[in-house]
Amino acid sequence: MAYEAFVPVIGTILNITRENDCCSQMVALRTENGIVNFIVDAQTLVIESRQLRVGMRVAAFYDSRLPMLLIYPPRYVAQIVTALGRNEQVTLKYFNRRLLAQDRSLQLNIADGTLVQAVNGQRYDCSPGNRELLVYYSATTRSIPPQTTPSRIVVFC
């Protein structure tokens, strides 16, 4: 799957309503730019299979190449949803073998405490370089490119 077209929307869940088919939900997020609605269905990857709940801070990624309804508030189909901590940031990018993002927007410095796992939640013991990575971090340096020591990395094999 081509993840480079995935766009994150970060916000707090305001409301969750079941859709008519019982296999999907409409999740309303409060973001910095207003309300955004997401459809979470059977095809949506929810990292760690976390139960979504009102008040939870999440990042929902949608595929910007898919057609979208021109309505307000915007409504997207979530491809990936992940829960976030209070000051936690997340990015989904391809990182080369030196752990530099393909767009040079972030350099990773993996520490002993960094949890590296595959999408299925299993420990990932190989080098995470040359892969699409979902990276969780809280702070970056002011260097170019910015550097961070992530708390967790999810590897998309």
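**Exercise 1.** Decide whether Q117 is buried or exposed in this predicted model.

*Solution.* The relative accessible area of Q117 is 8%. The cut-off for buried is under 20%, so Q117 counts as buried. Finally, list the contacts, leaving aside neighbours within four places in sequence: E48, Q122, R123, Y124, R152, I153, V154 and V155 touch Q117.

**Exercise 2.** Describe how β2 is paired and how far it is enclosed.

*Solution.* Start with β1 (residues 6-18), which runs antiparallel to β2 and is joined to it by 6 bridges. The hairpin of these two strands has 6 residues between them, and C22 takes a positive phi near 65° there. On the other pairing, β2 and β3 are antiparallel over 7 bridges, and a hairpin of 2 residues joins them. M26 illustrates both pairings: T17 stands opposite M26, and I39 in β3 is its bridge partner.

**Exercise 3.** Find the cavities of 30 Å³ or more and characterise the lining of the largest cavity.

*Solution.* The search of the whole structure returns 1 cavity at this threshold. The largest cavity holds about 40 Å³ of space. Its lining consists of I13, V27, L29, F38, V40, L52, V58, A60, A78 and V81. Two or more of these residues come from each of β2 (25-31), β3 (34-40), β5 (57-63) and β6 (75-83). By class, the lining has 10 nonpolar residues, no polar and no charged ones.

Conventions. Residues numbered from 1 in each chain as written. Predicted model: local features only at pLDDT ≥ 70, side-chain atom pairs only at ≥ 80, totals over all residues. Heavy atoms only, no water. 1 Å grid on protein atoms, 1.4 Å probe; cavity = no way out; pocket = protein on both sides within 12 Å on 5 of 7 lines; lining within 4 Å. Points joined across faces, edges and corners; volume = space filled by probe spheres on them. Helix = DSSP H or I, 4+ residues; strand = E, 2+ residues; numbered from the N terminus. Nonpolar A, V, L, I, M, F, W, Y, C, P; charged D, E, K, R; others polar. Buried < 20%, exposed > 50% of the residue type's maximum accessible area, 1.4 Å probe, protein only. Contact = heavy atoms within 4.5 Å. Pairing = 2+ DSSP bridges.
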